[in-house]
Amino acid sequence: MKKSTLIFLLLVKVSISYSQDSISFKKLVNQANEYLSLYERLSPSLPSEFDTDFHLIQELRLSTDVKKELNHSKDSYGELIKDSILNSDLIDFLQGKIVGKINEVVNHEVSKNQDITKLFHYALTIVKSVDNKLYNFSLDGKNGGTFRSRISWMYFKDIDSSDFYDIEELQHLNSYCKLPDAFSVFREHGYEEIEVLQTDEGVKYLLTGQTQQCSFCFYNHIQLVCFKEGKFETDFYYAIESRGLDTDISYDTEEKKIEVNYVTDDLTPNCACVSNEKRINTNVNGEIIKKECYCTFFFNGTTFELAK
């Protein structure tokens, strides 16, 4: 009888503990989404004499504690005037809050049994590997202009990253989110796809992405990484800068090959890797002669190499 009672009490204790953890987890998710919802409604704007570009803190859809935090942030935000905050400073503040809160969510014990991609507001873009281990989170940088910056950071389930993104260091993220050493090989503006490759050296990840650097400036890239001794290393990297959206870097999962297709311009004036063809100087009498270029890289069991 005593044994049964003891087992029952242990089960009740575990149940209460799990319930408390679940409530704590939901609170973190709700806080993250509160920040994301407000962030999504903000637009980068340039203050002018006709537009002071301030937000009244009491009218923001934030908790009372966060509003108090904003009101006491005069040392961090010089443009905090009385009970208002400058639009660009509010963007900076929310970026730090979002990164910090999502870091808490993904490192919470309950998150192990959750589909992380379904937890957050759509303002957050999440790209993950099919083995559900490597994640890229990114936000619109809201910097304005033609440079489409993104605030991007990584998460890997085989790393305890609870201390990687300190909220005090992430209050001003308009340009870049500095990545910890374990993730330093990744590009700062994020990725669009993450493939998993089984190699002779173990599991590796192939990531592709594109960044718009000006109205007609595009940076396409592909990267093969492996995780060794507590950090990621790059095994292969290829990138193209171009003026048009027709540049293509694609990966064929069946044949395990990377194909690159682009047209030369002033940013990339030469065909750098066409098989059996030398590099071509396309600048003739000050005029640029456009040429279609193709590159193929085959997987050799450990990395990718240019087709001969």
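Modeller: Quick definition before we dig into this predicted model: a helix crossing is right-handed if the near helix is turned clockwise from the far one by less than a right angle, and left-handed if anticlockwise.

Biologist: Okay, so which hand does the crossing of α2 and α3 have?

Modeller: The pair here is α2, residues 64–71, and α3, residues 87–106. Going by that clockwise rule, α2 passes α3 in a crossing that is right-handed.

Biologist: And how are α2 and α3 oriented: roughly parallel, roughly perpendicular, roughly antiparallel or oblique?

Modeller: Their axes sit 12 Å apart, at an angle of about 130°. Roughly perpendicular stops at 115 degrees and roughly antiparallel starts over 145, so α2 relative to α3 is oblique.

Biologist: How many nonpolar residues does the contact of α2 with α3 have?

Modeller: From α2 come V66, E69 and L70, and they meet L90, F93 and K97 of α3. Sorted by class, that contact has no polar residues, 2 charged ones, and a nonpolar count of 4.

Biologist: Within what arc do the buried residues of α2 fall?

Modeller: The buried ones are V66, K67 and L70, while T64 and D65 are exposed on the face turned away from them. Looking down the axis, the buried set lines one face of α2, because it falls within an arc of 100°.

Biologist: Over to N300: does it count as buried, partly exposed or exposed?

Modeller: N300 is in the loop between β14 and β15, and its C-alpha lies 9.3 Å from that of D200. Buried needs under 20% and exposed over 50%, so at 37% relative accessibility N300 counts as partly exposed.

Technical notes:
Residues are numbered from 1 along each chain as its sequence is written. This is a predicted model: local features need pLDDT of at least 70, side-chain atom pairs count only at pLDDT 80 or more; totals for chains, interfaces and linings use all residues. Side-chain values use heavy atoms; hydrogens and water are left out. Axes are lines fitted to C-alpha atoms, for helices over the stretch in contact, and angles run from 0 to 180 degrees between N-to-C directions. Helices (H or I, at least four residues) and strands (E, at least two) are DSSP runs, numbered from the N terminus. Angles under 35 degrees count as roughly parallel, over 145 as roughly antiparallel, 65 to 115 as roughly perpendicular and the rest as oblique. Contact means heavy atoms within 4.5 Å. Ala, Val, Leu, Ile, Met, Phe, Trp, Tyr, Cys and Pro count as nonpolar, Asp, Glu, Lys and Arg as charged, and the others, Gly among them, as polar. Buried means under 20% relative accessible area, exposed over 50%, partly exposed in between (1.4 Å probe, protein chains only). The arc is that of the directions from the helix axis to the C-beta atoms.
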